Amino acid sequence: MLRRSQEKFKGFLPTGGGGARGLLLIVIVGVLIWLGSGLYRVQPGEQGIELLFGEYVKSTSSGLNFWFPAPIGEVAIVNVENTNTTEIGFRGSDSGRSVRDVKQESLMLTADQNIIDIDFIVQWRIKNAADYLFNIRDPETTIKLAAESAIREIVGQTPLEEALTVQRLQVEERTRELLQQILDFYGAGVAIAQVKQDKVDPPAEVIDAFNDVQRARQDQERSQNEAIAYRNDIVPRAKGQAQRIIQDATAYKERIIKEAEGEAERFLSVYQTYVNAKDVTTRRLFLERMQQIMSESEKIIIDTDDGGPGVVPYLPLNELRKSGTGGNQ
């Protein structure tokens, strides 16, 4: 079989002096095929990394490119637009639901010496393919460990109550900024898109007691809100009543002052008249006073000038009966 194969191969080669030229033609064709294997295509959203004898030379953008084929050159194509997700504190299924809690990653110490259980994810993209491939040995593990370190530092500066409630967004943003600084220092060629907390709870051993404390604080806040609402209702009404009393008192004061001033002016006017005409003024004052007294009292006038008895004898029997003194007579 080997001899027959050799004979068939020789049959393809030209005889005589043309054998060397035929061999050269075959070599040239092989070289062209080898060089043609250096053509490669970079898709949109990808970067091509060209290596010469294993050393990085340059990065290429999307399109058709050429580089030395193996074993001289090598091309690595990296997707730089895909968003990658790293799970910390738990391991999720394909559906995205947490299926296993990793305590050594999720338990952290807060600023007030309490323990908190945080599961979170880190979303990141490759911003420099060359740095991503060559500056760090295991990029995904490095990102995971750096994210753990960053969030533990931020949570260690935050009290438990604030980490659970009002500062959750601040913790996420500060962790993202610190993680980006760490990876930039490493030259990882990675951009952190988001740090998102999936679950933030006290440890399972104390969660019931913590929930009791939370409910008590909610009751306290509700009582405070009710007290504030009552104050907001009572205080304006009391202020309104006080203002009305002040206004009434002011009006009374003004009225009394005006009356007193009028009386004083009237007295001075009378006095001035008295000084000028004592007899006339005295008689006028006497008559005015007597007129006032007589007009306010009950009077009976009996005229006896015609010689009559003047008064008819009268016994008030009806009045006596009403008083009960003459009822049996």
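This is a predicted model: local features need pLDDT of at least 70, side-chain atom pairs count only at pLDDT 80 or more; totals for chains, interfaces and linings use all residues.
Close-up 1. Setting aside residues up to four places away in sequence, Gln197 touches Ile118, Asp119, Phe120, Arg168, Val171 and Glu172.

**Close-up 2. Phe120 and its contacts.** Leaving out neighbours within four places in sequence, Phe120 is in contact with Thr86, Glu87, Ile88, Phe90 and Met108, then Ala147 and Ile151, and finally Val195, Lys196, Gln197 and Asp198.

**Close-up 3. The largest nonpolar core.** This core has 37 residues, and Ile116, Phe120 and Val122 are the ones touching the most other members. Strands E2 (46-52), E10 (115-126) and E11 each give two or more residues to the core, and so do helices H4 (129-134), H5 (139-155), H6 (160-164) and H7 (168-186). Which helix gives the most to this core? That's H5, with seven residues.

**Close-up 4. A nonpolar patch on the surface.** Phe267, Leu268, Tyr271, Tyr274 and Val275 make up this patch, which comes to about 520 Å². Phe267 belongs to helix H8, residues 207-276. Is Phe267 buried or exposed? At 56% relative accessibility Phe267 counts as exposed, since that label needs over 50%.

Conventions: Residues are numbered from 1 along each chain as its sequence is written. Side-chain values use heavy atoms; hydrogens and water are left out. Contact means heavy atoms within 4.5 Å. A nonpolar core is a set of buried Ala, Val, Leu, Ile, Met, Phe, Trp, Tyr and Cys residues joined through side-chain atoms within 4.5 Å. Buried means under 20% relative accessible area, exposed over 50%, partly exposed in between (1.4 Å probe, protein chains only). Helices (H or I, at least four residues) and strands (E, at least two) are DSSP runs, numbered from the N terminus. Patches are made of residues with over 30% relative accessible area and no salt bridge: like charges are joined within 9 Å, nonpolar side chains (Val, Leu, Ile, Met, Phe, Trp, Tyr) within 5 Å. Accessible areas come from the Shrake-Rupley method with a 1.4 Å probe; for residues, only the protein chains shown count as cover. A salt bridge is a side-chain nitrogen of Lys or Arg within 4 Å of a carboxyl oxygen of Asp or Glu.
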